[in-house]
Amino acid sequence: IIAVSENTKKDIVKALKIKPEKISVVYNGVNPKFGDVDPTPRPDLMKKLGLQKPYFLYTGVWRDHKNIVGLIKAFDAFNKEVGSQYTLVITGHHNPTYNEIPNTIRELKIEEDVHLVGLVAEADLFGLYNNALSYIFPSFYEGFGLPPLEAMQCGTPVAASNVSATPEICGEGNALFLDPYNAEDMKNA
């Protein structure tokens, strides 16, 4: 059996009662193209996506375990504290059965500060990673978690959860780890 992380291996052992020696960990790899992108600012991309301020970035699917609602709330608290100097950019397909993200943005009245840019072309994704102040990965659970590695490959600082496989995948000293269950810790990170 192949597992993508030691954390996933532990989950398999626990859930399926399989002997650990029958499971090998083989880590996923990052597309080397992420490191080949010109880090020059992309005013064309900023204009295309309506971004006028420096931004923090989240990429990925919209699901509860990704803790995007928690990220939005922590970002709002941070941005208010510093005088609304920043933007949060969230990529990913809007799941019509998961309206918590747009609803939270509306409830907090921060439509100007949080940009839901949808799915973006690969070249634009590279540009978003390269020009972000930081990539934020606040997940409650990950079996692996490729986006922080993509950000690192682009040279973008990463703030990521200190739970499940994320610390294992990011590696000690490579990311600023945060408690995804603690809004104040997320805001400070």
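**Helices, rings and a histidine**

A: Helix 3 and helix 4 are roughly parallel to each other, because the angle between them is about 25 degrees and anything under 35 degrees counts as roughly parallel. Keep in mind that this is a predicted model. Helix 3 covers residues 68–81 and helix 4 covers residues 100–108, and their axes are 9 Å apart. As for the way they pass each other, the crossing is right-handed.

Who meets whom here? On the helix 3 side you'll find Ile68, Val69, Ile72, Lys73, Asp76 and Lys80. Helix 4 brings Glu100, Ile101, Thr104, Ile105 and Leu108 to the meeting.

Now hop along to helix 5, residues 122–131. This helix is largely enclosed by the rest of the structure, because 7 of its 10 residues are buried. The buried ones are Asp124, Leu125, Phe126, Gly127, Leu128, Tyr129 and Asn130. And what are they packed against? Two helices are on the list, helix 2 (43–48) and helix 6 (147–153), along with strand 3 (55–58), strand 4 (87–91) and strand 6 (134–137).

Stay with Tyr129 for a moment. The structure holds 10 aromatic pairs, and one of them is Phe34 with Tyr129: the ring centres are 5.6 Å apart and the planes sit at 75 degrees, so this pair is edge-to-face. The pair ties together distant parts of the chain, since Phe34 belongs to the loop between strand 2 (24–25) and helix 2, while Tyr129 is in helix 5, 95 residues apart. Both partners are buried. They also belong to one aromatic cluster, together with Phe126, Tyr135 and Phe137.

One last stop is His115, which you'll find in strand 5 (residues 114–118). His115 has a relative accessible area of 17%, so it is buried, the cut-off being under 20%. A polar atom of its side chain lies 3.4 Å from the backbone oxygen of Glu112. Leaving aside residues up to four places away in sequence, His115 touches Leu49, Gly50 and Leu51, and also Thr87, Leu88, Val89 and Ile90.

Definitions and conventions
Residues are numbered from 1 along each chain as its sequence is written. This is a predicted model: local features need pLDDT of at least 70, side-chain atom pairs count only at pLDDT 80 or more; totals for chains, interfaces and linings use all residues. Side-chain values use heavy atoms; hydrogens and water are left out. Buried means under 20% relative accessible area, exposed over 50%, partly exposed in between (1.4 Å probe, protein chains only). Helices (H or I, at least four residues) and strands (E, at least two) are DSSP runs, numbered from the N terminus. Contact means heavy atoms within 4.5 Å. Rings of Phe, Tyr and Trp (its six-membered ring) pair if their centres lie within 6.5 Å; planes under 30 degrees apart count as stacked, over 60 as edge-to-face and the rest as tilted. A polar contact is a pair of N or O atoms within 3.5 Å; within protein, one must be able to donate a hydrogen and the other to accept it, and residues adjacent in sequence count only if both atoms are side-chain atoms. Axes are lines fitted to C-alpha atoms, for helices over the stretch in contact, and angles run from 0 to 180 degrees between N-to-C directions. Angles under 35 degrees count as roughly parallel, over 145 as roughly antiparallel, 65 to 115 as roughly perpendicular and the rest as oblique. A crossing is left-handed if the near helix is turned anticlockwise from the far one by less than a right angle, and right-handed if clockwise.
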